[in-house]
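Please read this briefing with the sequence and the 3D structure open beside it. The points are grouped by topic.

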Amino acid sequence: MAMDIPASARSTEAMDESVNIYGLLHGFWKENDYIPFSTAEIALYFFLLHRMNSRHWRMPVKCATSLMCRSIMVSKQTALSARENLRKRGLITFTKGSGRDNIPSYSLVTDPGKWTDGMTHDLTGNLTDNLTDSKTDGLTHYNIKDINNKDKI
């Protein structure tokens, strides 16, 4: 039986109720088709996806690196490398921790259109729209054929 939480009892932290987890999953695998993720990057992304979802998308979420490493069963260096690669590709943002009292915090970029695949697609989609062959501008099909034959001779 689902219970509604009164507005007064809800957290005052920002909560994005428009997060589409299926869109994130689809976007992730689409991005993976573009440039494959490492196993550690996949594990870290889904670990963070689970953490964000379980906290009702209140971001950022704090998570100790040691807990993250144990959860996805990788070394600290591998986890930090995976974290940086996910950041470079636009899937997450984070702030580094500085010891036990200041642990790292993470946020997911919840709009897959802002990830690298979407950005690259937008940049390259119309590159050839206005390109023309300067030698053939204004020529009929037969004249173009003659120019091409002249080049071969």
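This is a predicted model: local features need pLDDT of at least 70, side-chain atom pairs count only at pLDDT 80 or more; totals for chains, interfaces and linings use all residues.

Residues are numbered from 1 along each chain as its sequence is written, and side-chain values use heavy atoms, with hydrogens and water left out.

**Overall make-up**

- The secondary structure of the chain comes to 6 helices and 3 strands, where helices (H or I, at least four residues) and strands (E, at least two) are DSSP runs numbered from the N terminus.
- Along the sequence, these elements follow the pattern α-α-β-α-α-β-β-α-α.
- Of the 153 residues of the chain, 29% count as buried; buried means under 20% relative accessible area, exposed means over 50%, and partly exposed lies in between, with a 1.4 Å probe and protein chains only.
- Among the contacts in the chain with a separation of 6 or more, 62% come from residues 24 or more positions apart, a contact being heavy atoms within 4.5 Å.

**The sheet**

- An open sheet is formed by 3 strands in the order β1-β3-β2, with antiparallel pairing; two strands pair if DSSP finds at least two bridges between them.
- The edge strands are β1 (61-62) and β2 (92-95), each of which pairs on one side only.
- Helix α2 (residues 39-54) packs on this sheet, where it touches β1, β2 and β3, and its direction makes about 90° with that of β3.
- The antiparallel pairing of β2 with strand β3 (residues 105-108) runs over 4 bridges; in β3, Leu 108 is the bridge partner of Ile 92, and Ser 107 is the bridge partner of Thr 93.

**Helix packing**

- Two packed helices are described by the angle between their axes and the distance between the axes.
- Axes here are lines fitted to C-alpha atoms, for helices over the stretch in contact, and angles run from 0 to 180 degrees between N-to-C directions.
- Helix α1 (residues 21-34) packs with α2 at an angle of about 170°, their axes being 12 Å apart, and α1 and α2 are therefore roughly antiparallel to each other; angles under 35 degrees count as roughly parallel, over 145 as roughly antiparallel, 65 to 115 as roughly perpendicular and the rest as oblique.
- In this pair, Ile 21, Leu 24, Leu 25, Phe 28 and Trp 29 of α1 meet Ile 42, Tyr 45, Phe 46, Leu 49 and Asn 53 of α2.
- The residues of the contact of α1 with α2 divide into 9 nonpolar, 1 polar and no charged, where Ala, Val, Leu, Ile, Met, Phe, Trp, Tyr, Cys and Pro count as nonpolar, Asp, Glu, Lys and Arg as charged, and the others, Gly among them, as polar.
- Helix α4 (residues 76-88) and α2 pack at an angle of about 75°, with their axes 9 Å apart, and α2 and α4 are therefore roughly perpendicular to each other.
- Here Ala 40, Glu 41, Leu 44 and Tyr 45 of α2 meet Thr 78, Ala 79, Ala 82, Arg 83, Asn 85 and Leu 86 of α4, and the residues of this contact of α2 with α4 divide into 6 nonpolar, 2 polar and 2 charged.

- Ser 105, found in strand β3, is buried, with a relative accessible area of 10%.
- The side chain of Ser 105 makes a polar contact with the side chain of Thr 95 at 2.6 Å; a polar contact is a pair of N or O atoms within 3.5 Å, where, within protein, one must be able to donate a hydrogen and the other to accept it, and residues adjacent in sequence count only if both atoms are side-chain atoms.
- Leaving aside neighbours within four places in sequence, Ser 105 is in contact with Pro 60, Val 61, Lys 62, Thr 93, Phe 94 and Thr 95.
- Phe 46, found in helix α2, counts as partly exposed at 27% relative accessibility, and, apart from neighbours within four places in sequence, Phe 46 is in contact with Leu 25, Phe 28 and Trp 29.
- Gly 27, which lies in helix α1, counts as buried at 7% relative accessibility.
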